[in-house]
Amino acid sequence: MKEAKNGKTVPEEVVKMIFSNISSIYQFHAKFFLPELQKRMEDWSCNPRIGDVIQKLAPFLKMYGEYVKNFDKAVELITVWSEKSPPFQELIADIQKRKVCANLTLQHHMLEPVQRIPRYELLLKDYVRKLPPESPDRDDAEKALEMIFMVAKHSNAAIAEMERLQNLWAVYQRLGLEDDIVDPSNELIKEGPVQKISARNNSTSEKYLFLFNNMLLYCVPRVIQVGAEFQVHLRIDVDGMKVRELNDTQFPHTFLVSGKQRTLELQARSGEEMNAWIKAFQDAIDRKEKRSETFKTAVHGLELGTPALKTEELGRRAPQWVRDNLVTMCMRCKEPFNAIIRRRHHCRACGYVVCARCSDYKAELQYDGNRLNRVCQECYVFLTGRVVLEDREGKHKGILEKEAAEVSGRSLLCSSLQLLDKNGKGGTRGWFVIPRDDPLVLYIYAAPQDVRAHTSIPLLGYQVRDLPQGDSRHLFQLVQSRQVYTFVADTEELKRRWMRAMARSAAGITHPEEGEDADSCEEAE
């Protein structure tokens, strides 16, 4: 310190930062703790106890916590200033040569206070273990051991808290230190890259997630990483969040995160990584719910099946958007889409893909700060309570107006197939379903989420023919008189299943085949 005050080696404040509160610790031991123990040792024959002395002074040992928290920073400062200031380096070398240092480095001696409390705990444990049962010091010594244990716990907690704050600050720096994000009470649970699946063009883009105990930050890497490494695109509160796995054959390892502000379809790099993300989200949700007095029931994920929200959630939670490529017609009026006069739009309340005519309404959505958003007619009526003149409710559904997703969920068999044209060279791919409630009819949809089939084939009376595999294609036919339909399945096993199901329907057998269950659709997929 004298050298520092002379200003020749290192600034005085740097020395204070290196040694923290070591002076206070030394004064406590030199003037209080050591004299009290020495006095008791001198009077040991009359009063063989140390438990009461330790109990009285143990609370002051918590001052070690500050020193312990500062230790890593202190060692770093010594390294930096040894390189930066040759006089400082010479001074340290001179001190370490002294006999009192026993050829040990300054850093080694600075480690001694860090190890002091754990050593006290071990010594006191050994002392209590060796005390006779009738010893007058047993009760006081056991209470003193408990107090030393709490001091050690306080010291360890101080280290953990300092590490948490340092890690948190490093994350905030990577995010650009935005005012509405920086909060020392936050806890980082998990971070990592994911792929975001677009409902618009059915593509993926790289994103980066930071999951905290109270919020999810949805980020994109900056192209030019000067300062912040990521740009925050969206913040979603953990409060009210739901998460579940998605069974998507096109995008494996996908999961859905649904929050009040936004719903995201995300893809992990592997099944293990997906499970780790889902577990991290669910843990954060569960912890948030336990701390919240407003939650009456636990939330354990969105309902399986269609992505539609419950009616009571409309406008309060961001919906999962139905992907554009899963529908070929408006999910409300059932008119087919085209690129010119009937384009695709998304209802911001329910997430359905609808045409411009069916989404020519605006309503305030609570999850978007009660701002006006584009919604479909049905959601508009529900959210505003206003009556629309063109009311389609009560319209009788035609034979083709069975929704693909609804029918697929209770079908004898459903999957993608290709229906070849008459010359067998080309054809269209679609979604084929034999419903359980209409088992003698094959319904053909352009996409698995369409609300209307474009073709139906009554199967009764048809014959099912196997065709030899050609050009690696799995072919079979439906034949009745001069009417012939030729199908292509993706696999030989799927082809056999369809031939078996169609043959039963053609023979008028309406009950499910023995061993057939409600998961026929998923298995076929």
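The model is predicted: local features need pLDDT of at least 70, side-chain atom pairs count only at pLDDT 80 or more, and totals for chains, interfaces and linings use all residues. Residues are numbered from 1 along each chain as its sequence is written, and side-chain values use heavy atoms, with hydrogens and water left out.

**The sheet**

- Seven strands form an open sheet in the order β4-β3-β2-β1-β7-β6-β5, with antiparallel pairing.
- β4 (230–237) and β5 (242–246) stand at the edges, each with a single partner strand, so one side of each lacks a neighbour in the sheet.
- Neighbouring strands are turned by 35 degrees against each other on average, direction ignored; the axes are lines fitted to C-alpha atoms, and angles run from 0 to 180 degrees between N-to-C directions.
- Strands (E, at least two residues) are DSSP runs, numbered from the N terminus.
- Two strands pair if DSSP finds at least two bridges between them.

**β6 and its partners**

- β6 is mostly covered, with five of its five residues buried.
- β5 and β6 (residues 254–258) run antiparallel and are joined by five bridges.
- Across that pairing, K242 has S258 as its bridge partner, and R244 stands opposite L256.
- β6 and β7 make a hairpin, with four residues between them.

**E206**

- E206 sits in strand β2 (residues 204–212).
- E206 is partly exposed, at 48% relative accessible area.
- Leaving aside residues up to four places away in sequence, E206 touches P193, V194, Q195 and P221 (contact means heavy atoms within 4.5 Å).
- K196 is ten residues from E206 along the chain, and their C-alpha atoms are separated by 6.3 Å.

**R473**

- R473 lies in the loop between β16 (463–466) and β17 (474–480).
- R473 is partly exposed, with a relative accessible area of 25%.
- R473 and T491 are 18 residues apart in sequence and 8.2 Å apart in space, C-alpha to C-alpha.

**Cysteines**

- The disulfide count is zero, where a disulfide is a pair of cysteine sulfur atoms within 2.5 Å.
- C101 counts as buried because its relative accessibility is 9%.
- C219 is also buried, at 0%.

Note on methods: Buried < 20%, exposed > 50% of the residue type's maximum accessible area, 1.4 Å probe, protein only.
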